[in-house]
Amino acid sequence: MLAVGLMSGTSLDGVDAALVEISGVDESTDVKLRSFVTVPMPVDTRKRIEAACDPERSSSRLLCSLNFELGQLFSRAVEAASAAAGVADSDLAFVASHGQTVWHEPYPAEGLCAGTLQLGEPAVIAREHGVCVVSDFRKADMAAGGQGAPLVPFSEKILYGDAKRNVVLLNLGGIGNVTVLPHDNVSGVFAFDTGPGNMMIDEACKRLFGKPFDAGGAIARRGAVSEGLLDELMGNPFLAKEPPKSTGREVFGAGSMDRLLSSNSNLVPEDIVRTLTEFTSASVADACTRYVVPRVHGKIDRLVVGGGGAHNPVVLEGIARRLPQTEVMTQEDLGFSSDAKEAVAFAILGNQTLHGRPSNVPTATGAAGPAVLGNITLPPQGWTHSVCACVKEA
Ligand SMILES: Nc1ncnc2c1ncn2[C@@H]1O[C@H](COP(=O)(O)OP(=O)(O)OP(=O)(O)O)[C@@H](O)[C@H]1O
Ligand SMILES: CC(=O)N[C@H]1[C@@H]2OC[C@@H](O2)[C@@H](O)[C@@H]1O[C@H](C)C(=O)O
C-alpha cells in the first residue's frame, strides 16, 4: 500500500509528509520511504498556533477555525509528498495525520482532567484527496491511563531493534525524547521525554538574533557556557521525575524564556544560546545515566539521533562528551532520514490501526494496556478497496 504519514511537531517549523510503501503488520511491517517533504509553516498560521497554545490568548473560536485551517495545510502537504513521488490520490491507501498539538496535559492541575488536543481536521484531508484518514492517535492511550506520548517507540521497536546492542534512539524536535531498546528484551522497550530538544534554543535565537534556529550550531560555537545558568536549568523538577514522563511547551516554552532572559541580562546573547545548547546535551546525557543505564544493566552501546536537532553538531558533541562509552551517531549514519522519522512512524501507526492492531507501547506511555490508536475518517466515496483489504486482513 502507499500511504502518507504527516507530522507537525512542537517546533512549528513546518508540516512533514512522508510517502511510504508499507506492507505487513506488527513485527512483520515493512516500510520504504518514497518521498519526503516539509511544507513550511506560514508565519501567520504559526502565530495563530502560538496564540491557541496560550491560555491567555486562546478562544473556542480560534481553536475551531485553526482546526480547519490546519486541515487545509495538511492537505497541501499530502499533495506535495504525492507530487514528489509521482503518485496520484487514487493510489493512496490512507493518510495518517498526527495533527498539531495545542495542549497536552498528562499531569492535570487541580480540578482538571488529563487530556491532549491535536488540531487539523481529518475530514478536510479525506475530502480533498478522497482518501481514508487516521488521526488523533494520542487519545486512546490516555483513555487507558497513559500519557498519550511518546508514540514513536512502536515504530522504533520494529525498525531498529538489535539483538547485540543496547540502542537508544534520541529524537531532538522541540522536545527531546528517547526510546530505549535493550538488546536482550525487545518487549522491555521504554521511552520518555528528556526535556527540551530545540525549543529553548529556537526561542532564544528568535528573540536575541531574529533567527528561527541556530543553523549548524554556529551561534552556540561563538558563545561560552554559563555554569551558573546551566546548574539552575538542570535543577528543573521535570528532569528529576521518574519515567515514564512527557513534557512540552507548557514547561520549556516561551514562558520559561521570559523568566530566563530577565534574570540573566548580564550574559551576552551568544552565551545564552550556548548554555541552552549545553542544557539540551546535559539533560539528555543525565537522563541516559540516571534512568537508562540502570535499566539496561550495562552501557548504552549506541545512541542514534534523529529530528531536526541532529543537524546541530554542538548538541551532538555535548552528548558524546558526557557519554564516553557510547557510540553517538545520526539516523543518516544508518541510512535513514533524521527529518522523515516521525512522519514515517505515524504511517506505521496508521497501518496498525487499519488492521485493528494496537500500537501504543504501554511501558513507554504508562497506559494500563495495549490500545488501538486513532480515529478513522472515511473519504466521501465511503469504504475504499484498500481500506477494505486491511480490514479483511485483520
Ligand atoms: N541545520 C540545522 N541546524 C541546527 N538546528 C536545526 C537545523 N535544521 C533543523 N534544526 C532544528 O530542528 C528543529 C525542527 O526539528 P523537528 O522538525 O524534528 O521538530 P518537530 O518535529 O517540530 O518537533 P517534535 O519532535 O518536538 O514534535 C528546528 O526548529 C531547529 O531547531
Ligand atoms: C503531545 C505531543 O505532541 N508530544 C510530542 C512532542 O514532541 C516530542 C515529544 O514531545 C513526544 O512526546 C511527542 O511526539 C512524538 C512524535 C511521539 O509521540 O513519539
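This note sets out, point by point, how the predicted model is arranged.

1. Basis of the model. Residues are numbered from 1 along each chain as its sequence is written, while chains are lettered from A and ligands numbered from 1 in the order in which they are written. Since the model is predicted, local features need pLDDT of at least 70 and side-chain atom pairs count only at pLDDT 80 or more, whereas totals for chains, interfaces and linings use all residues.

2. Domains. The protein is divided into domain 1 (2-152 + 340-393) and domain 2 (155-334); these bounds come from an automatic or database domain assignment. The C-alpha centres of the two domains lie 24 Å apart.

3. Contact between the domains. In total, 24 residues of domain 1 are in contact with 27 residues of domain 2, contact being defined as C-beta atoms, placed from the backbone, within 7 Å of each other. On the domain 1 side, the elements that give two or more residues are α13 (341-354) and α14 (362-365), and α13 has the largest share, 6 residues. Helices here are DSSP runs of H or I with at least four residues, strands are runs of E with at least two, and both are numbered from the N terminus. By class, this side of domain 1 has 11 nonpolar, 9 polar and 4 charged residues. In this classification, Ala, Val, Leu, Ile, Met, Phe, Trp, Tyr, Cys and Pro count as nonpolar, Asp, Glu, Lys and Arg as charged, and the others, Gly among them, as polar.

4. Nonpolar core. The largest nonpolar core has 109 residues, and those with the most contacts inside it are V4, L6, A17, A18, F94, V95 and A347. Helix α11 (residues 269-296) gives the most to this core, with 12 residues. Apart from residues up to four places away in sequence, V95 touches A3, V4, L6, V78, I125, H129, V131 and V133.

5. Ligand 1. The shell around ligand 1 has 22 residues, of which the closest are G9, S11, G173, N198 and G308; a residue is near a molecule if its C-beta atom, placed from the backbone, lies within 6 Å of it. By class there are 4 nonpolar, 14 polar and 4 charged residues in this shell. Ligand 1 lies between domain 1 and domain 2, because both give residues to its shell.

6. The loop between β1 (2-8) and β2 (14-23). S11 is found in this loop, and D13 also has its place there. S11 counts as buried because it has 21 C-beta neighbours inside 10 Å, whereas D13, with 19, counts as partly exposed. The cut-offs are 20 or more other C-beta atoms within 10 Å for buried, 12 or fewer for exposed, and partly exposed in between. Not counting residues up to four places away in sequence, S11 touches G173, G174, N198, D202 and G308, and D13 touches M41 and P212. The unreviewed UniProt entry carries the annotation "binding site" for G9, T10, S11, L12, D13, G14, V15 and D16; such annotations may be inferred rather than shown by experiment.

7. Ligand 2. Around ligand 2 there are 17 residues, with T101, H104, A149, P150 and V152 the closest. Strands β4 (92-105) and β8 (175-181) each supply at least two residues of this shell. Its classes are 5 nonpolar, 10 polar and 2 charged residues. Ligand 2 lies between the domains, because both give residues to its shell.

Terms used:
Core = buried A, V, L, I, M, F, W, Y, C linked by C-beta atoms within 7 Å. Contact = placed C-beta atoms within 7 Å.
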